[in-house]
Amino acid sequence: MSTIDELRERKSVRRFLDQPVPPEVRDTIIDCAINAPTAGNQMLYTILDITDPAVKQALAHTCDDQWFIADAPLVLVFLADCRRWKDAYDLAGCQSRDPEVGDWLLACQDAVIAAQNAVVAAHALGLGSCYIGDMMENRQQVVELLSLDKWVFPATLLVFGYPTSQQIARPKPKRFEAKYVVMTDRYRRLTPEELRQMYTDRSGNFEPFVQAFCKRKYMSDFAAEMNRSVAGYLAAFR
């Protein structure tokens, strides 16, 4: 299968066979992650390989009780790491500043780019994967659980494993058409007609779908907790 086909067919997988990921497969996934594009070759991230079942259980709980996290054969946390280079600057005798918001965002980009390389590599090797954005919630518990530094942010969590037959057969959710998300030279807001058609083409009736989605996602308790926690992480960079 070509890389283009793999990118088009890949979908999130949340149910895995009771089959371990061999060490050589894990190592290949991580090697692909660390060969991802990175700002100035700084590699502003750290990858945590979560092997302790108790830590997996705790992460499943803090990530909105998504218990498939605890069952996943391979769990990787991608941390946006602004501590490592600051320590290196200090060790080298540089007169450096503390990390700021721009540094944080650059590190987040590095971490997620590396994570996506891991996802593509895993798919090529026959593994399913799923991003867990809820990793950003419950800051106090996560900081304690993973011993996070004040300048280290849990950008995302990825679970990997060999997918069940049901997960393989499950259709990939439809995406928005390119004509709605690709613009030339400058940004513009979509017209009401375009917005309605964009969602209708993908999901059917506009109002019921968008209203339900807003309630389930945007106005949810977990969204409020995520924003609270991320604001707490960001406080160290101001």
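The following exercises, each with a worked solution, concern the predicted model shown above.

Residues are numbered from 1 along each chain as its sequence is written, and side-chain values use heavy atoms, with hydrogens and water left out. Because the model is predicted, local features need pLDDT of at least 70 and side-chain atom pairs count only at pLDDT 80 or more, while totals for chains, interfaces and linings use all residues.

**Exercise 1. Determine which residues of helix H3 are buried, and what covers them.**

Step 1. Helices (H or I, at least four residues) and strands (E, at least two) are DSSP runs, numbered from the N terminus. Helix H3 comprises residues 53-62.

Step 2. Buried means under 20% relative accessible area, exposed over 50%, and partly exposed in between (1.4 Å probe, protein chains only). In H3, the buried residues are Val55, Lys56, Leu59, Ala60 and Thr62. They cover an arc of only 170° around the axis and therefore lie on the same side of H3; the arc is that of the directions from the helix axis to the C-beta atoms. Pro53 and Ala54, on the other side of H3, are exposed.

Step 3. The cover over the buried residues of H3 includes strands S1 (45-50), S2 (74-81) and S4 (152-161), together with helices H4 (68-71) and H7 (139-146).

**Exercise 2. Describe the N-terminal end of H3 and the residue that follows the helix.**

Step 1. The N-terminal end is capped by aspartate 52, a side-chain oxygen of which lies 2.9 Å from the backbone nitrogen of alanine 54.

Step 2. Aspartate 64 follows H3 and is placed in the loop between H3 and H4. Its phi is positive, near 60°, in a residue other than glycine. Most residues other than glycine have a negative phi. Aspartate 64 is partly exposed, with a relative accessible area of 34%.

Step 3. A second case is serine 147, whose phi is positive, near 55°. Serine 147 is in the loop between H7 and S4 and is exposed, at 63% relative accessible area.

**Exercise 3. Classify the ring pair of tryptophan 85 and tyrosine 89, then that of tyrosine 199 and phenylalanine 206.**

Step 1. Rings of Phe, Tyr and Trp (its six-membered ring) pair if their centres lie within 6.5 Å; planes under 30 degrees apart count as stacked, over 60 as edge-to-face and the rest as tilted. By this rule there are seven aromatic pairs.

Step 2. The ring centres of tryptophan 85 and tyrosine 89 are 5.7 Å apart and the planes stand at 45°, so this pair is tilted. The two residues are four apart in helix H5 (residues 83-91), and about one helical turn separates them.

Step 3. Tyrosine 199 and phenylalanine 206 are edge-to-face, with 6.0 Å centre to centre and 65° between the planes.

**Exercise 4. Identify the residues with the most contacts inside the largest nonpolar core, and list the contacts of phenylalanine 153.**

Step 1. A nonpolar core is a set of buried Ala, Val, Leu, Ile, Met, Phe, Trp, Tyr and Cys residues joined through side-chain atoms within 4.5 Å. The largest has 57 residues, and those with the most contacts inside it are Phe78, Leu146, Phe153, Leu157, Val159 and Phe160. Helix H6 (residues 101-124) gives the most to this core, with nine residues.

Step 2. Contact means heavy atoms within 4.5 Å. Neighbours within four places in sequence aside, phenylalanine 153 contacts Phe78, Leu79, Ala80, Trp104, Cys108, Met136, Val230 and Tyr233.

How values were computed. A polar contact is a pair of N or O atoms within 3.5 Å; within protein, one must be able to donate a hydrogen and the other to accept it, and residues adjacent in sequence count only if both atoms are side-chain atoms.
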